[in-house]
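Visitor: I'm new to this and would like to know where the labels come from. Could you walk me through them?

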Amino acid sequence: MAVNLVIFDLDGTLLNTIGDLAEAANHMLSLRSLPQHDYPTYCTFVGNGIMRLVERALPEELRTAEYVAAARQDFLDYYIEHIDLKTCPYAGIPELLASLQARGIRLAVASNKFQAGTEKLIRSYFPDIRFEVIFGQRPDVPLKPDPAVVEEILARTDVERREVLYVGDSGVDMLTAHAAGVRSVGVTWGFRKREELEANHADRIVDRAEEILSLLDL
């Protein structure tokens with residue numbers, strides 16, 4: 001069945017955002033004179049929204065609701081102003097998006113990043129790409145792997161599930177696709193390892209962005 005819609009995760013899939021995320025989190029920690037973390041460690045913290053990232057960065061004894069909420073605000077205050085200093089598209093992604101758009105395939109983003117940050121990054125790095133829907137974390141919408149965001153995209157675009165590819169770099173993404181009943185494509189260039197994609201039953205796994213083009217008519 002030909003593909004008519006490709007839904008992309010953002011962090012670790014379209015953009016390598018770990019540098020700016022790590023800097024913002026370490027800034028938040030430095031304000032509190034707390035131990036900081038390196039980039040590889042932050043790769044294991046991301047994927048479930050900013051609140052969970054902040055919570056994981058904090059020492060366990062400080063992970064109260066009140067402390068995490070205050071730390072999250074400090075993170076956001078810094079991050080929104082420094083969101084694109086180290087972030088960049090992964091190799092082949094701009095070309096992939098342009099090729100998909102030229103073929104008339106509709107595009108969407110489903111991210112656990114907060115909505116304002118998701119929109120800012122997509123508009124900044126892919127200004128010539130028309131995304132049908134750009135969804136990040138929003139009030140009263142469950143985070144992935146709950147399939148609510150994919151269900152909303154399907155309702156907005158009126159595309160059948162069998163015509164959809166969901167592309168992401170983590171087990172959360174593969175679980176989201178499975179829960180929504182759409183085909184999943186795991187990418188190995190992101191924040192998580194191939195083994196995580198395999199363990200969460202990715203339908204396909206690709207190592208280069210251009211490989212996604214070969215999946216359009218399967």
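Guide: What follows is a chat about the labels used for this structure. It is a predicted model, where local features need pLDDT of at least 70 and side-chain atom pairs count only at pLDDT 80 or more, while totals for chains, interfaces and linings use all residues. Residues are numbered from 1 along each chain as its sequence is written, and side-chain values use heavy atoms, leaving out hydrogens and water.

Visitor: Why are α3 and α4 called roughly perpendicular?

Guide: The axes of helix α3 (residues 50-57) and helix α4 (residues 65-79) cross at roughly 110 degrees and come within 9 Å. Axes here are lines fitted to C-alpha atoms, for helices over the stretch in contact, with angles from 0 to 180 degrees between N-to-C directions. Angles under 35 degrees count as roughly parallel, over 145 as roughly antiparallel, 65 to 115 as roughly perpendicular and the rest as oblique. So α3 and α4 get the label roughly perpendicular.

Visitor: And what makes the contact between them?

Guide: On the α3 side there are I50, M51, L53, V54 and E55, and on the α4 side V68, A71, R72, F75 and L76. Contact means heavy atoms within 4.5 Å. Helices themselves are DSSP runs (H or I, at least four residues), numbered from the N terminus.

Visitor: How do you know how many disulfides there are?

Guide: A disulfide is a pair of cysteine sulfur atoms within 2.5 Å. For C43, the nearest cysteine sulfur is that of C88, 13 Å away, and C43 is in no disulfide. C88 is in no disulfide either, and the count comes to zero.

Visitor: What makes a set of residues a nonpolar core?

Guide: The members are buried Ala, Val, Leu, Ile, Met, Phe, Trp, Tyr and Cys residues, joined through side-chain atoms within 4.5 Å. The largest one here has 55 residues, and F8, L14 and F75 touch the most other members. Its largest share, seven residues, comes from helix α1 (residues 18-31). Another core, of 16 residues, lies apart from it and includes I7, A108, V150 and V164.

Visitor: Which residues does F75 contact?

Guide: Leaving aside neighbours within four places in sequence, F75 is in contact with L21, A24, A25, M28, I50, L53 and V54.

Visitor: Why is T118 called buried?

Guide: T118 sits in helix α6 (residues 115-125). Its relative accessibility is 0%, so T118 counts as buried. Not counting residues up to four places away in sequence, T118 touches L10, V109, S111, K113, I134, F135 and G136.

Visitor: What about V46: buried or exposed?

Guide: V46 is found in the loop between α2 (39-45) and α3. With a relative accessible area of 8%, V46 is therefore buried. Beyond its neighbours within four places in sequence, V46 is in contact with I18, L21, L53, R56, F191 and R192.

Visitor: And how do you know whether V172 is buried or exposed?

Guide: V172, in helix α8 (residues 171-180), has a relative accessible area of 13%, so V172 is buried. The C-alpha atoms of V172 and G47 are separated by 7.1 Å, although these residues are 125 residues apart along the chain.

Technical notes
Helices (H or I, at least four residues) and strands (E, at least two) are DSSP runs, numbered from the N terminus. Buried means under 20% relative accessible area, exposed over 50%, partly exposed in between (1.4 Å probe, protein chains only).
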